[in-house]
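Open the model in your viewer and keep the selection panel at hand. Each stop below says what to select and what is there.

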Amino acid sequence: MNDVFRDVLGRMLGRRPAVLQVGAVCVRPSDGRILLITSRGTGRWIIPKGWPMTGRSAAAAAMQEAWEEAGVRGSVSARPLGRYRYNKRHDGMLSVPIDVQVHRVQVDRLEDDFPEAAERERGWFSPREAAGHVSEEELRDILLGLHR
């Protein structure tokens with residue numbers, strides 16, 4: 001049994017704390033609108049997020065996820081906006097609790113050609129609208145906190 005599988009299995013069985021991911025709340029500075037993307041699996045609206053990256057800060061990893069998943073170019077805040085939790089399902093197996101540390105990204109521009117362009121849709125929403133589209137209650141609270 002490899003170490004990654006053992007680690008995930010241990011979390012699934014409740015013997016380990018939640019796994020950490022990093023996320024990006026991408027904000028257009030001109031009007032405060034939030035960029036959401038669709039998930040690859042279910043097509044529901046989410047923020048860009050992913051795993052921490054060796055040699056990068058959490059903020060830098062969140063910025064990289066914003067680029068790969070949404071084509072965002074901009075700047076990221078080192079200070080987190082907050083955290084939210086969700087349960088991630090693995091290939092029909094039990095779900096694993098995931099804590100997502102969220103960083104604010106100021107969007108300078110969006111590229112049309114980015115790594116996951118063919119797999120996702122993007123949409124701009126007011127903070128209230130964005131909060132209404134996401135499933136996670138703690139993420140809703142973070143987004144509502146950005147309302148002007």
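Start with Val-19: is this residue buried or exposed? Val-19 is buried, because its relative accessible area is 13% and the cut-off for buried is under 20%. Remember throughout that this is a predicted model.

**Stop 1: the strand around Val-19**

Val-19 sits in strand β1. The C-alpha atoms of Val-19 and Ile-98 are 4.8 Å apart, yet 79 residues separate the two in sequence.

**Stop 2: the whole chain**

Zoom out and colour by secondary structure. The protein chain has four helices and seven strands. Read from the N terminus, the order is α-β-β-β-β-α-β-β-β-α-α. The chain holds 148 residues, and 43% of them count as buried. Consider contacts between residues at least 6 apart in sequence: 65% of these join residues at least 24 apart. The accessible area is about 8,200 Å², with 46% belonging to carbon and sulfur atoms.

**Stop 3: the largest nonpolar core**

Hide the surface and select Val-25, Ile-34, Leu-36, Ile-47, Tyr-84, Val-102 and Leu-143. Within the largest nonpolar core, a set of 21 residues, these touch the most other members. Which elements give two or more residues to this core? They are β1, β2, β5, β6, α3 (127–133) and α4 (137–144). The largest share, four residues, comes from β6.

Centre on Val-25. Leaving out residues up to four places away in sequence, Val-25 touches Ile-34, Ile-47, Leu-81, Val-102, His-103, Arg-104, Val-105, Leu-143 and Leu-146. A second, separate core has 15 residues, including Ala-24, Ile-37, Ala-62 and Val-72.

**Stop 4: helix α2**

Select residues 58–70, which form helix α2. The helix has 13 residues and reaches 18 Å from first C-alpha to last, close to the 18 Å expected at 1.5 Å a residue. Colour its buried residues: Ala-59, Ala-61, Ala-62, Met-63, Glu-65, Ala-66, Trp-67, Glu-69 and Ala-70. Which strands do the buried residues of α2 pack against? They pack against β1 (19–27), β2 (34–38), β4 (49–50), β5 (72–89), β6 (95–110) and β7. Step just past the helix to Gly-71, where phi is positive, about 75°.

Now go back to Glu-69. This residue counts as buried because its relative accessibility is 6%. Not counting residues up to four places away in sequence, Glu-69 touches Ile-37, Ile-47, Pro-48, Lys-49, Phe-114, Glu-116 and Arg-120.

**Stop 5: rings**

A search of the whole structure finds two aromatic pairs. Select Trp-45 and Phe-125. Why does this pair count as edge-to-face? The ring planes of Trp-45 and Phe-125 stand at 75°, with the centres 5.2 Å apart, so the pair is edge-to-face; the angle cut-off is over 60 degrees. Trp-45 belongs to strand β3 (residues 45–46) and Phe-125 to strand β7 (residues 122–125), so the pair ties together parts 80 residues apart in sequence. Both Trp-45 and Phe-125 are buried.

**Stop 6: charges over rings**

Select Arg-28 with Trp-124. Arg-28 lies over the face of Trp-124, 4.4 Å from the ring centre. Finish with Lys-49, one of the residues that Glu-69 touches. The charged end of Lys-49 sits over the ring of Tyr-86, at 5.1 Å from its centre.

Conventions:
Residues numbered from 1 in each chain as written. Predicted model: local features only at pLDDT ≥ 70, side-chain atom pairs only at ≥ 80, totals over all residues. Heavy atoms only, no water. Buried < 20%, exposed > 50% of the residue type's maximum accessible area, 1.4 Å probe, protein only. Contact = heavy atoms within 4.5 Å. Phe/Tyr/Trp six-rings, centres within 6.5 Å; stacked < 30°, edge-to-face > 60°. Lys NZ or Arg CZ within 6 Å of the ring centre and 35° of its normal. Expected span 1.5 Å × (residues − 1). Core = buried A, V, L, I, M, F, W, Y, C linked by side-chain atoms within 4.5 Å. Areas by Shrake-Rupley, 256 points an atom, 1.4 Å probe, with all protein chains shown as cover.
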